[in-house]
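Biologist: I am new to this structure. Please show it, and then let me ask about its parts.

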Amino acid sequence: MLSLHDVSVSYDGTPAVVDASLDLADGQVLAVLGPSGSGKSTLLRAIAGLEPVASGRVAWDGTDLRGVPTHRRGFALMFQDGQLFGHLTVARNVGYALRLRRTPDAAARVRELLALVGLEGYEHRLPATLSGGERQRVALARSLAVQPRLLLLDEPLSALDAGLRERLATELRDILRAAGTTALMVTHDQDEAFTVADRLAVMRDGRIVQQGDIAAVWRGPVDAETALFLGYARVLEGDPAHVLLRAAGRSPGDDAVAVRRSALVVADAGALSGTVVSARVTPEQIRLIVAVDGVGELDAVARLDAHPAPGDRVAIAVDASRTAAIPAGPVRPGG
Amino acid sequence: MRRSLALVGLAALPLAVLGVFFVLPVSGMLAEGLWVDGRFDPGAVAEVLTRPRTIRVVWFTVWSASAGTAVAVLLGVPAAHLLHRRTFPGRGALRAALLVPFVLPTVVVGVAFRELIGEAGPLGFLGFDGSAGAIVAGLAFFNVAVVIRAVGAAWESLDPRPAEAAAALGASPAQVFRTVTLPALRPAIVSAASVVFLFCATAFGVVLTLGGLRYSSVETEIYLLTTNLLDLQAAAALSIVQLLAITALLAITSRLRAVPDPTVARSTVRAPRPSRGDWPGLLATGLVVVLVGLPIAALVAGSLQVGDGWGLGNYRALTTEGSRQALLVPVTHALVTSLRVAVDATWMSLTLGVLVAIVVSRRSHSRTERRVRGLLDGLFMLPLGVSAVTLGFGFLITLDEPPLDLRDSALLVPIAQALVALPLVVRTLAPALGGIDDRQRQAAASLGAGPLRTFATVDLPVLWKPLLAGAGFAFAVSLGEFGATSFLARDENPTMPIVIFHLIGHPGAMNYGMALAASVVLATTTALVMLAVERLRVPSLGSF
């Protein structure tokens, strides 16, 4: 079990990670989600032993890892761009750690791993001849070769194009489950995190602002900024929040409310009404900005067969499951 | 078609210069040996090669150059790690100081070592004077800077993540070095080692001043055969052997340098402070500092010694011709000559270097084009491998009759020196130009910039620093050039290295003191030029 207790890391005096604490039980997959520059990769490198920890402790099964060099930690690290050794073939890359340990029957294990990641027959290729997705699979197989007690994944899929990323994310989850690997993945992509991980930690400005079961974090962002980062379109408070919650059939309280774009749907029976400000057609739905009476401008969606135009009056229904109450706090724009 | 024409146009001037001032003299010199009395007679050359003395000379050249290279690499690689991957106060100054030996005039190095290990020197008790060990130390002294620079430049920008990936897979630091770092550095180490071997095998000034009568390398042997024994056939035979050996060496190293995947990820990394694990680097750097520092310290101390006391008498004497008419002109006059010649050699070699660098670094669009560029690249590297003595003597015997009667031209010396410096200049400029993404030029062109405008917008901003650095190298090479200049400089207009060589050859304490003082002056001038270059921080010298 990995546990971090108040870990801080700084670069030349500038703090990159501040008082990060988290626990990761064996067999679980944790995603550390954060915008770029939030310190999540630094945290990963600190766990791997590649960055010195300024204060706090990183421990495995209760043993402090301070002073344990990277190669003795038994953690495998998979980089964003794979970092395959360009001068070695695929088989030699995958078997690298096995050769270091003089594992007998390494060739069979390499074949097995390549099969696991769906690259049978690639043994003698050089990394330069592989596509981006293939390279990441080789990197994954290489990391899994010695059955690390913890697999660290640094944005493993973000160098790939969108379609491939989605498919590989699912495969990655299946492979990690099949191997029973404990893994910690950092990413800036919510979908990727949601697909691969069971637990989620959100990082911002070097601090872990929220962590827990992934669905729970999704349903209950801890503050407005986290909500916006997790893909909620707007955060409302005060009277607009009350109006919206009443329309959703909930009792209004002091909390602010975070609203996903898809929470507001144009429907004849809708409890709210407003004027369309702009409309944009996407392949799946029409995305609208609507000036809702008593609330202000909100994002909303309409079915493709509706044809709302700017200036039209529309009725809007609210889907309560796509909103989240968050403890009141200052709302900052952006996200 | 237009591309090929442009290629030919750019290459025309350098090719013409190389043809007249390199190929012609060198082949003239070789022909001298092969044609006896107008008759082609290669048998004489073969006879020369079977002489016991020739065999001894060739063997000495090979093993002393190998030993010098080995010492330079063994010290240079760990030192490169410390100086380029670790940070500590005074690192910049140390790096600059260790670069100086490479451009020190060979004659000065010889004098400095003699001052250190000679009978009266501080290390005289070792009995090193005139030994082969002294020559190897001198060769290493010179070339360790090349290894540090070339390997350091590659190491500095080496992406640390593959090494981290290996560590994360369980590789210990030593295993990481062997399996990941070394393969990535291999091209840099191999090319540094091969160029160092080249420099060692063709070293002239060092062997001539340190070897005395006991040891002779191919290069000094050519000199002795030409000037003292007038045995041109034997000299030509040795030149041919040298040329063939060096061509073979270049071919082998280009093969060795090839790696399965030549792309190396580049990045800049924050360098940490040295730690206990850096003891190989600390040790090697310490040894290099001793190797480089001691002879220079001995030289400076010697130059300040007048009789039994200390003083500036030797420096004051530089305005004289020395005792017993050792020289025809005062040393100060030679210094002015040296500087004037160096300015000429610099602009010549820069002009040629820029043209050659553009030609060899542009991306090729067809296989033929690539082959032509590769051929040109190799051709302009040749002066690196051909004995400067051969070149100088070739000048004398081929450029002495109309239409090319240049024997009395003041430009002869700078032209020869420019050619000697050319490979260095090209190797400073070409990587910078080659590193420019061609799409930058295409972008400029698509925005309406003509070829000149494109060059000014895209190439020039990248090029000006290497250009200044190349100027510095050319200047320093010219100041120190001895092999070719010793044939070409006229007695009433000698350069500094020639004067120093004359002074140590003439008896008299005053002459020797003057030689030391003149060496210090020349070394200081060269060092100042090199320090200015180092301030520019061009990671050059890295890609022979």
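Biologist: In which strand is the place of A:D6?

Modeller: This is a predicted model: local features need pLDDT of at least 70, side-chain atom pairs count only at pLDDT 80 or more, and totals for chains, interfaces and linings use all residues. Residues are numbered from 1 along each chain as its sequence is written, chains are lettered from A and ligands numbered from 1 in the order written, and side-chain values use heavy atoms, leaving out hydrogens and water. Strands (E, at least two residues) and helices (H or I, at least four) are DSSP runs, numbered from the N terminus. In chain A, residues 2-11 form the strand that holds A:D6, namely β1.

Biologist: What is the phi of A:D6?

Modeller: A:D6 is partly exposed, at 35% relative accessibility; the class runs between buried (under 20% relative accessible area) and exposed (over 50%), with a 1.4 Å probe and protein chains only. A:D6 is not a glycine, yet its phi is positive, at about 50°.

Biologist: A:Q83 also has a positive phi although it is not a glycine. Is A:Q83 buried or exposed?

Modeller: A:Q83 has a phi of about 50°. Its place is the loop between β6 and α2 of chain A. With a relative accessible area of 7%, A:Q83 is buried.

Biologist: What does the UniProt annotation for residues 2-230 of chain A say?

Modeller: The span is 35% helix and 27% strand, and its end C-alpha atoms lie 25 Å apart. UniProt positions follow the numbering used here, feature names are shortened, and annotations may be inferred rather than shown by experiment. The label comes from an unreviewed entry and reads "domain: ABC transporter".

Biologist: How much area do chain A and chain B bury between them?

Modeller: The contact (heavy atoms within 4.5 Å) takes 23 residues from chain A and 21 residues from chain B. Buried area is the accessible area, with a 1.4 Å probe, that two parts lose on being put together, summed over both. Carbon and sulfur atoms carry 63% of it, and the total is about 2000 Å².

Biologist: Which residues in chain A lose the most area to chain B?

Modeller: Together they make up 29% of what the chain A side buries. They are A:H71, A:H87 and A:L100.

Biologist: How many salt bridges does the rule find across the interface of chain A and chain B?

Modeller: The rule wants a side-chain nitrogen of Lys or Arg within 4 Å of a carboxyl oxygen of Asp or Glu. Over all chains it gives 21. Across the interface, the count is 2.

Biologist: Which residue of chain A meets B:R161 in a salt bridge?

Modeller: The gap is 3.4 Å, N to O. The pair runs from helix α7 (residues 161-168) of chain B to the loop between β6 and α2 (90-94) of chain A. B:R161 is partly exposed, at 28%. The partner in chain A, partly exposed at 35%, is A:D81.

Biologist: B:R161 forms a salt bridge with B:D159. Is B:D159 buried or exposed?

Modeller: The closest N and O atoms of B:R161 and B:D159 are 2.8 Å apart. At a relative accessible area of 7%, B:D159 is buried.

Biologist: Which residues is B:H84 in contact with, leaving aside its neighbours within four places in sequence?

Modeller: B:H84 lies in helix α3 (residues 52-85) of chain B. It is buried, at 7% relative accessibility. Its contacts are B:R91, B:R95, B:I148, B:G152, B:A153 and B:E156.
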